[in-house]
Every structure is written in structure tokens, then in C-alpha cells.
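Subject: Handing over the structure

Hi,

Here is the structure I promised to pass on. Have a look at it, then read on for what turned up.

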Amino acid sequence: MTRTLIIAGGVAATLIAGPAFAGDRHKAITPYIEIGQVATFDFNGSDVLTYSTVAAGVDATVQTRRAQVQVSYRYERRISWDKKVGDDDIHSGLARAAVKVVPGLSVEGGALATRARSDIRGAAPGVLAGNVDNISQIYSAYVGPTLSTHAGPASIGASYRFGYTKVEAPKATGVAPGAPRLDRFDNSHSQIAQATIGVKAGTVLPVGVTASAAWERDDASQLDQRYDGKYARGDVVLPVAPTIALTGGVGYEKIEVSQRDAKLDIAGNPVTDARGRFVTDAASPRRIAYQTDGLIYDAGVIWRPSPRTTLQARVGRRYGGMTYTGSFSYAPSHSVGMQIGVYDSVETFGHQLENGIANLPTSFIEQRDAFGQQFSGCTYGASSSAPGGCLNGVFQSISTAAYRARGVDGVISAHRGPLSFGVGAGYANRRFYAPGGTGFTVNGTSDQSFYVDGFMNAALTRRSGVSANVFGNYYDSGIAGAKPVTSVGATGLYYLNFGRLGTSASLGVYSFSQEGVSDQVSGQAQLGMRYQF
């Protein structure tokens, strides 16, 4: 959840070990095709829209001692009946994998396809049936090796990761005409290289000592934006009781974010292409959006009263001011897990998204939700040791500018017999960095969001079951003249299977409100049939 330099070797060991049941050998690959009929209801205007869907997908899981892989992918084609609903292609999926190549060397990767909100001032659809504004299709993936080995008492770790993110431009955003135009993200690629060496307390010294270094680079096509960061630090851990240790670290970092100007027309307005993105002025000098160079330090406490409970909290100085980070994990049983994280980091959209995907579990609970924003909210783990993670803070809007991301995320997931459920909640704040002197700029603007997300799956019989999802979001862009946005909604699904053939019925309701705009309430319904091969 944050940019850290802490013990890549320990991270590698966790990835290789995986969930508690990783030693079990389990493989399942289930492709399917599906057809459906959807109706949407505008309760404000009494409009009813209908369209058909044709979909194909696959759910696959491989859990062995050497590999942990899970893939859930779906392609859907929407077919309009009366041309009031556009014919659309929709991709939704998540893939997570960690494969042990040889002892000490593993390869990890992840990929995501989803739809999410584009402009933070605009519409905030949470039930994605029918015509929806302010939504972009997003693709993101990363892959890289991780090395974990020993040299005498010292643990040595190294890792490299390459990532790529692509965002399709939205259609209508719902932003009032005349509002300042915001830049639209196109694509970026990133690289991260880390190395660490350390010894545990009591092996060489009474304290544990770790030295680490990293290099990070993110290049975005829009305005030729570039993030370049270099880090080096040392950390010590001093046990003061059987379950408590004090920790502290000091180091050096250098970060620079830069970009070029947009071309301007004769009126001084940015020139945009056919998709609404700014056209880069290749002849302009590179402008500094954010820069820091100097000492960083922090100190904190580690509390681990049992293998099932861990608390870490740190306070220090970084990015030119105070910084607070921490985490808490609790797994009271094999079927219940909880995780909370407090983060603070300078980010780009592509890097934060790829990092968020990497923090999702390699074994997750699949949710059948005909209308939701699949995988753009919370994803819940199938093991108490990895309860899941949320991408809501990343997807509160899609930003081209770099920003300082601060917030807190929490997830609880549980499963027992035929019932599974989860709840995620959090708060996110972003302070943006951009060069000034080019007309309207988001530099210095801070946006924020609150979210809550919940799901429930329950098998009623061997052939039938129900699932439900609820969500609520609040967005405040911080841009002058833009009003906060609130959205809430719920969906439910009932399924009944006849061997390989399954039927389903879904209902959904969604409400959107913004000061100065009439509240919008809509309903959705779907009947579908799925054949599993």
C-alpha cells in the first residue's frame, strides 16, 4: 500500500509460502458462456431501457507447493434493441500468480481489467447497467522475479518489477459545461528494482539490522510525464519484550516528477485530441512538478503477541513533512481474517494501481455480480492469512498528475461452510503536484473520498444460492466550484444450476446525489443463463 524499502526478502518468503493451505494440491479450470437480458429503470424520468448480453469467461485456480495462481476473466458484448443503449465491449478480470521457479527464486505477476470512474467531479455510477457516464475501461499488469537467499546469518533479497497501465478515454463525464478541463490519463509503464540485506536480532548483534535500496521509474505518455525516485536506508529492530520490539530507520531519497507543457491554441487554451487528451508540446522544456532530495527517518513499534496478530506503527519525516504509516493484521481462525493499513506515499496513478494489484491475494473469492464494478473496489481473500485488499482509493478518479496519497484501508473477510462475506472501508486523500503557469492547474489541490463495501455469498442447496453486494461512496474533488458527490447502491443475485447449465436472476438499485443537481435513482434487473464446460 505504500512505497517501502523494507526487507524484500521477507516479502518474497511470504509470497512463496502463500496461504495456509498452499501445500494442498488443487487445480480447477472452468470456462463458460452466458446470455442475458437486462432492463434498467430511471425512477426520475420513468424511462425503461433493455438490451441483451452475450459473454464468455473463465475461472481458474491452481494451488500447489510451487504455484499459486488464480484467474477470473469475463468478456461481455452488449447488444442494443432500440439504439438507446450503446453496443459495448466490456472486459472484467483479475489474475494473480506467484510461482516458485527454484528454491529462493520466484516469479510474481498480476493483471486487472475493470471499469472505473474517470473525472472526480462527475457522475459516480456504482451499478454499471445501461448507459453510464464518466466510466473508463482500464487494463493494468505487472510481472517480475524475486530472489530470497542467505549468506551465513544474513538474509539477502532482490526484486524487479515491470508494469504497464492503459486507460481508455471516457465518453460523457457528467461535468457541467464550462468547468475547467482536466487531463486524461492514457498509458504508462513503470519499473521498480529493490535490494536488501539484513540479520535478525540475536544472530550477530543484539539488534536486527537491515540495509536496503531501491530505484523506481514511471513514464506516462500524457504530457511526457516522468517519475524518477532513488532510495537508500538502514533500519534496526530492538526487542524489548517477548512480543514487543522498537524499530527505527534513517536514509536518503531523491524524487523528481517532471512533464512537458500542453500545446495551446491562439486563445491560450490547451489543445486536445479526438479523445479529449491534451496534446503534448514536444518543443517545451521539461517542467518540474515535484522534487525532494534529502534525509528521511522514522521510528516505531512492532507488537506480535501471537503468530495470528501483528501490529506495526511508525512516525517520521519524509516528503518535506511528518509521515505516519502502520498496519494491523488479525486472523482469529482459519476462516476469518482482518487487515488494516495506514499509508503515505508520493504516487502516480499507474504505479499506485500496479502496487494495489500486487497487494491483492493470490487466492480470492469470486463474486457473481451482474451490475457491479468488478475488481475496482474490494477483493476478498479465501484465506485468513490474506483477507484481501481494496482499490477504491486508487479509483476515486483517474489522475494524470502525480500526487501524495494518504489514507487508511481496512478489510474483513470470513467464510464458514456455505456462507462467505466481507466488508471493506477506508478514507483516501490526494494532494496533487503539477507545474504552474499554464492556466488552470491542479497543483496544490487536495481531493478526498470515503468508501464502504460489503458482500455476502450463501449456498442454499447443492444447486442454488444467493449473493448480495452493497456500497457507499463520498467524493470531494477540492476544485473550486465542484460540489461533493455521494453514491450508494445494492445488488442481489439468485442462481439455480441444472448440471452444467445455470440460471440466474439479478436486481440492483443505485442512487447518485450532488448539490445543485437533482438526485438520480435507478433500478436494474437481469435474467441470465450460463453453460459451464
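Let's start inside: Arg277 and Asp186 are both buried, where buried means under 20% relative accessible area, exposed over 50%, and partly exposed in between (1.4 Å probe, protein chains only). These two form a salt bridge, with 3.7 Å between the closest N and O atoms; the term stands for a side-chain nitrogen of Lys or Arg within 4 Å of a carboxyl oxygen of Asp or Glu. The pair ties together distant parts of the chain, 91 residues apart: Arg277 sits in the loop between β11 (244–259) and β12 (287–306), and Asp186 in the loop between β7 (154–167) and β8 (187–199).

Before going further, some ground rules. This is a predicted model, in which local features need pLDDT of at least 70 and side-chain atom pairs count only at pLDDT 80 or more, while totals for chains, interfaces and linings use all residues. Residues are numbered from 1 along each chain as its sequence is written, and side-chain values use heavy atoms, with hydrogens and water left out.

Back to the charges. The structure has 23 salt bridges in total. One of them joins Asp235 and Arg233, with the closest N and O atoms 2.7 Å apart, and both of these residues are buried. There is also a network: Glu34, Arg74, Glu76, Arg78 and Arg530 are joined by salt bridges that share partners.

Then there is Arg226, whose side chain meets that of Asp219 in a salt bridge (3.9 Å, N to O). Are these two buried or exposed? Arg226 counts as partly exposed because its relative accessibility is 30%, whereas Asp219, at 16% relative accessible area, is buried.

Now the whole chain. It has two helices and 24 strands, taken as DSSP runs numbered from the N terminus (helices: H or I, at least four residues; strands: E, at least two). Its radius of gyration is 24 Å, close to the 24 Å that the globule rule gives for 533 residues, so the chain is as compact as a globular protein of that length. That radius is taken over C-alpha atoms, and the rule is 2.2 Å times the number of residues to the power 0.38. The C-alpha trace spans about 75 × 70 × 35 Å along its principal axes. Of the 533 residues, 49% are buried. Finally, contacts (heavy atoms within 4.5 Å): among those with a separation of 6 or more, 62% are between residues 24 or more positions apart.

Cheers
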